[in-house]
Amino acid sequence: GLDTSSSMDAVSPKRLVQADNIIFTTRGSRKKRYGLTRYDNGAVMDPAVARDMRGGFDFWRLTGTSRTQRLVFFAGGRLYADNADGIFADVTGTTALVSADRVTFDVIVGMLVAGFENVVPQRWTQTGNFTNLGGTPPRGSLVRKAFGRLWLAGINTAPHRLAYSAADDPENWTLAAGGGDMDLDVGDRDPVGITAIFPQFHNFLYVAKRRSIMRLDNETAPSLFNLQTVVEGIGCVEHNSVVAVGNDIYFASERGYHKLSATEKQGDVEESFLSFKVHTIFQNEIDFALAKNMWAVHIPEIDSIMLSYTRRGSPTSRDGILFHLSLGEWFRWNEMDLAAPLIYLNTQRNARCLIGDETGRVGLLDRDTVTDFGSRVDAIFRTGIIYPDGNPTSQWGFKSLTVVFRPQGAYNFTVRVQIDGQETDTLLFDQSG
C-alpha cells in the first residue's frame, strides 16, 4: 500500500511511495481503478450547475407494500431527484437555498430531511417539492436520526448546541412533547463547536467537536440523557467524513483518519489512528478550512472507504484517499472530480458508487470502463529505493526486468527504472498480446 511518511530508502519494497488511481483486488494485487460512465441523462442538472455540487443521498421510502427509490442531489443551490433512472427533476421548494452551503441528509418516519447552514432544514416524502421542516427546528446543517428522534447541530448562532425532536415526530420540537436542546460544554475552548453527529452506535450517540468526542446514552426521558467526554484532543472535522461499517465508525480529524470501535466492556469505545502511513497527505495537502467539502463513503465493491477532500489551493474536491478495510492499506485517486460520492442500490440490488461532479454530471464507478467519461485516466505506481538484500552498500548487476501482469485490454503501460540515480530506462509493455 501507500507509504508517504517514510523516506525513500526506508520504504519496504512491498510498499509504494506513489499509488495514484489504483485499487486493491481481494487477492491484494494492484490494478487501475474503475472508470466513470454517465448515469444521468444530462437534461436538467448538467446545463444548470456551473459549480457547487454539494452532496447526494439514496432515499428509499415504503409506499403501500412496496419501496420506492429516489436519488437526490443538492447542486447549484437546487435539489434534484430521479426515479433511480438518471432522469432528474428539480424538486426545490420555495425556500431559497445557498449554493455553497454544506448539506447533510437522513431519513426518519419515511421523510428525507436535508440540513443546511443558512436555512431551516428541508423535508421531502417523494411527492411534490421539498418544504420547510415543520415545527420550530433550529437552522442546523447537521442532521442525524437516533433513538427515534431527529437531532440537529451545526447551528451558526449556537455552535455548541444539540437539539432534538420529539420521539417519532421530527416536526415537533416542543419541550412538552419531549423535544428540546442542550449546550455541550460551551466553555471548553473548542475553536468550532459541534462538527459531527455520528450514527447511533451500540445504543449510544457520539457527538464530535473539533477536538473532542462526547457520548450520550439512551434514556427514555430526554432530561436524563447522560453526557460524557470519551475522547479528548481528537475530534472530527466534518460530519460527512463519518461513515459506519459493521461494528466500527470511521471519521476524519485534524490529525488524520480514525476508527471508533466498541470494546468488550459495555459502553466503552476505543479510538484507533489509521493514517500514519499517509500522514503527510493529511497534514500537507488537505485544506481543513474547506473541510465541509469532505465526503466519506464505504464502497463495498472494493471493500474500501473513500474520503474525498479539497487540496490546498483548489476550491473543489479533486482528490480522494482510500483505505482498504480487509488489507489495511492506503491508496489514492487524484485528478478526479469527487464533489458528491454516494452509494446506491442498482436494479440488481448491488451496492454501487455514484459520483456527482462540479459540472452537474453524475457518473457511475464502472468496473468495465477505464476512462472517466471518455477521458484518459493515468494509474501510477512508484516504489521507494529497493536494495535487493536490504543492504544499501552491496553492489549488484541488474541484467533484466520482468513484469508479472494480467492483460486488461488493448492498452500499453510504461515502466521506468532508475539505477544508482543514473539515466532512467523507459520500457513499454503491450497488453494486447
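The following legends describe close-up views of a predicted model.

Residues are numbered from 1 along each chain as its sequence is written, and side-chain values use heavy atoms, with hydrogens and water left out. Because the model is predicted, local features need pLDDT of at least 70 and side-chain atom pairs count only at pLDDT 80 or more, whereas totals for chains, interfaces and linings use all residues.

**View 1. The open sheet E5-E6-E7-E8.** Four strands, in the order E5-E6-E7-E8, form an open sheet with antiparallel pairing. Strand E5 (53–63) and strand E8 (89–90) stand at the edges with a single partner strand each, so one side of each is left without a neighbour in the sheet. Strands are DSSP runs (E, at least two residues) and helices likewise (H or I, at least four), numbered from the N terminus; two strands pair if DSSP finds at least two bridges between them. Strand E6 (residues 66–75) and strand E7 (residues 78–81) are joined in the antiparallel sense over 4 bridges. Val-72 stands opposite Ala-81 in E7.

View 2. The structure holds 16 aromatic pairs. In one of them, Phe-74 and Phe-116 are edge-to-face, at 4.9 Å centre to centre and with 75° between the planes. This pair links distant parts of the chain, with Phe-74 in strand E6 and Phe-116 in strand E10 (residues 111–116), 42 residues apart. Both Phe-74 and Phe-116 are buried. The ring centres of Phe-282 and Trp-330 are 6.4 Å apart and their planes stand at 80°, so this pair is edge-to-face. Phe-282 belongs to helix H2 (residues 279–284) and Trp-330 to strand E28 (residues 329–334), so the pair ties together parts that are 48 residues apart in sequence. Phe-282 and Trp-330 are buried. Rings of Phe, Tyr and Trp (its six-membered ring) pair if their centres lie within 6.5 Å; planes under 30 degrees apart count as stacked, over 60 as edge-to-face and the rest as tilted. Buried denotes under 20% relative accessible area, exposed over 50%, and partly exposed in between (1.4 Å probe, protein chains only).

**View 3. A ring cluster and two arginines over rings.** Tyr-39, Phe-73, Phe-88 and Tyr-344 are linked by ring pairs into a cluster. Arg-33 lies over the face of Trp-333, at 5.8 Å from the ring centre. Likewise, Arg-215 lies over the face of Phe-204, at 4.7 Å from the ring centre. A charge sits over a ring if NZ of Lys or CZ of Arg is within 6 Å of the ring centre and within 35 degrees of the ring normal.

View 4. Of the 8 residues of E27, 7 are buried. Strand E26 (residues 304–310) pairs with E27 in the antiparallel sense over 7 bridges, and the bridge partner of Leu-307 in E27 is Ile-321. E26 and E27 form a hairpin with 6 residues between them, and Gly-313 in the turn has a positive phi of about 90°. E27 also pairs with E28 in the antiparallel sense, over 6 bridges; here Gly-320 stands opposite Trp-333 in E28. The hairpin of E27 and E28 has 4 residues between the strands, with Gly-328 in the turn at a positive phi of about 70°.

View 5. His-324 is found in strand E27 (residues 317–324) and, at 4% relative accessibility, counts as buried. Beyond its neighbours within four places in sequence, His-324 is in contact (heavy atoms within 4.5 Å) with Phe-24, Thr-25, Ile-302, Asp-303, Ser-304, Glu-329 and Phe-331.

**View 6. Two non-glycine residues with positive phi.** Most residues other than glycine have a negative phi. Ala-84, in the loop between E7 and E8, has a positive phi near 60°. With a relative accessible area of 24%, Ala-84 is partly exposed. Asp-303, in the loop between strand E25 (295–299) and E26, has a positive phi of about 50°. At 21% relative accessibility, Asp-303 counts as partly exposed.

**View 7. The second largest pocket.** The second largest pocket has a volume of about 680 Å³. Among the 22 residues that line this pocket, the closest to its centre are Phe-57, Val-243, Ala-296, Val-297 and Ile-343. E5, strand E9 (103–108), strand E21 (243–245), E25 and strand E29 (340–345) each supply at least two lining residues, and E25 gives the largest share, 4 residues. On a 1 Å grid over the protein atoms alone, a pocket is an open set of points where a 1.4 Å probe fits, with protein on both sides within 12 Å along at least five of seven lines; lining residues have an atom within 4 Å of a point. Grid points are joined across faces, edges and corners, and the volume is the space filled by probe spheres set on the points.
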